Amino acid sequence: GFEFNCARDRRQRGRPLLLHGVGLRQLVVEAGVVGGVLHRFTQGFLSMTEAIVVAIRLVSYLVIFIILAVVANTMAMTTRERIGEYAVLKTLGYGSKALAALIFGESLLVTMLGCAVGIALTFPAASAFGSALAAYFPYFHVETETLFLDAAAALMVGVLSALHPARRAIQIRIADGLRKVG
């Protein structure tokens with residue numbers, strides 16, 4: 001038999017109800033779970049998973065911002081160290097577009113190489129994550145859209161981190177840049 005402790009009559013509350021030969025569906029219907037408790041449980045579970053997805057998105061945006069700060073700092077340091085070289089290039093006749101292309105190219109090279117390594121490591125990491133949490137996430141795989149968003153984020157980080165250093169290299173006068181040599 002099955003023991004159930006949810007009597008509808010107040011006088012019988014607390015006394016177990018013995019059910020013999022009752023199916024689970026009938027038990028759920030008799031207990032009033034279909035319309036009430038099960039629905040509230042499902043709603044609560046869905047809102048909890050939505051909160052988890054929102055938290056993961058916020059952490060992802062924070063990680064992208066931190067990566068942007070690191071790459072921007074790297075590019076700023078690189079530009080500061082190469083001011084003399086940019087002045088020499090200007091002396092040799094290279095224009096503002098060529099200097100900007102060098103700086104943007106270096107920034108995009110660094111970020112897109114990082115993107116390629118990240119994409120290459122995504123599939124083994126997702127596989128390990130999926131197998132470790134198969135009980136909770138029976139279907140876990142990486143969408144193609146995620147890879148495109150990864151590449152777009154890397155492109156955005158590369159461009160944004162090169163804006164200030166390129167502007168600084170373009171605006172420096174040749175004499176000021178050559179003074180900083182050595």
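Let's start with Val 70, which sits in helix H2 (residues 33–81). Everything here comes from a predicted model, where local features need pLDDT of at least 70, side-chain atom pairs count only at pLDDT 80 or more, and totals for chains, interfaces and linings use all residues. Residues are numbered from 1 along each chain as its sequence is written, and side-chain values use heavy atoms, with hydrogens and water left out.

**Overall layout**
- Reading from the N terminus, the elements go β-β-α-α-α-α-α-α.
- The protein has 182 residues, and 20% of them count as buried; buried means under 20% relative accessible area, exposed over 50%, and partly exposed in between (1.4 Å probe, protein chains only).
- Take the contacts with a separation of 6 or more: 67% of them involve residues 24 or more positions apart, where contact means heavy atoms within 4.5 Å.

**Val 70 and Pro 165**
- Val 70 counts as partly exposed because its relative accessibility is 49%.
- Between Val 70 and Val 157 there are 9.9 Å in space, C-alpha to C-alpha, though they are 87 residues apart in sequence.
- Pro 165 belongs to helix H5 and is buried, since its relative accessible area is 3%.
- Setting aside neighbours within four places in sequence, Pro 165 touches Met 75, Ala 76, Thr 79 and Ile 103.

**Helix H5**
- H5 (residues 144–171) has 28 residues and reaches 41 Å from first C-alpha to last, close to the 40 Å expected; the expected span is 1.5 Å times one less than the number of residues.
- There's a bend of about 35° at Leu 163, with the proline Pro 165 following within four residues; a bend is the angle between axes fitted to the seven residues ending at a residue and the seven starting there.
- Buried residues of H5 include Leu 147, Val 157, Ser 161 and Ala 169.

- H4 bends by about 30° at Thr 122, and Pro 124 follows within four residues.
- Among the buried residues of H4 are Leu 99, Ile 103, Cys 115 and Gly 130.
- The axes of H3 (residues 83–91) and H4 (residues 96–132) come within 10 Å and cross at roughly 145°; axes are lines fitted to C-alpha atoms, for helices over the stretch in contact, and angles run from 0 to 180 degrees between N-to-C directions.
- Where they meet, Tyr 86, Leu 89 and Lys 90 of H3 face Leu 99, Leu 102 and Ile 103 of H4.

Note on methods
Helix = DSSP H or I, 4+ residues; strand = E, 2+ residues; numbered from the N terminus.
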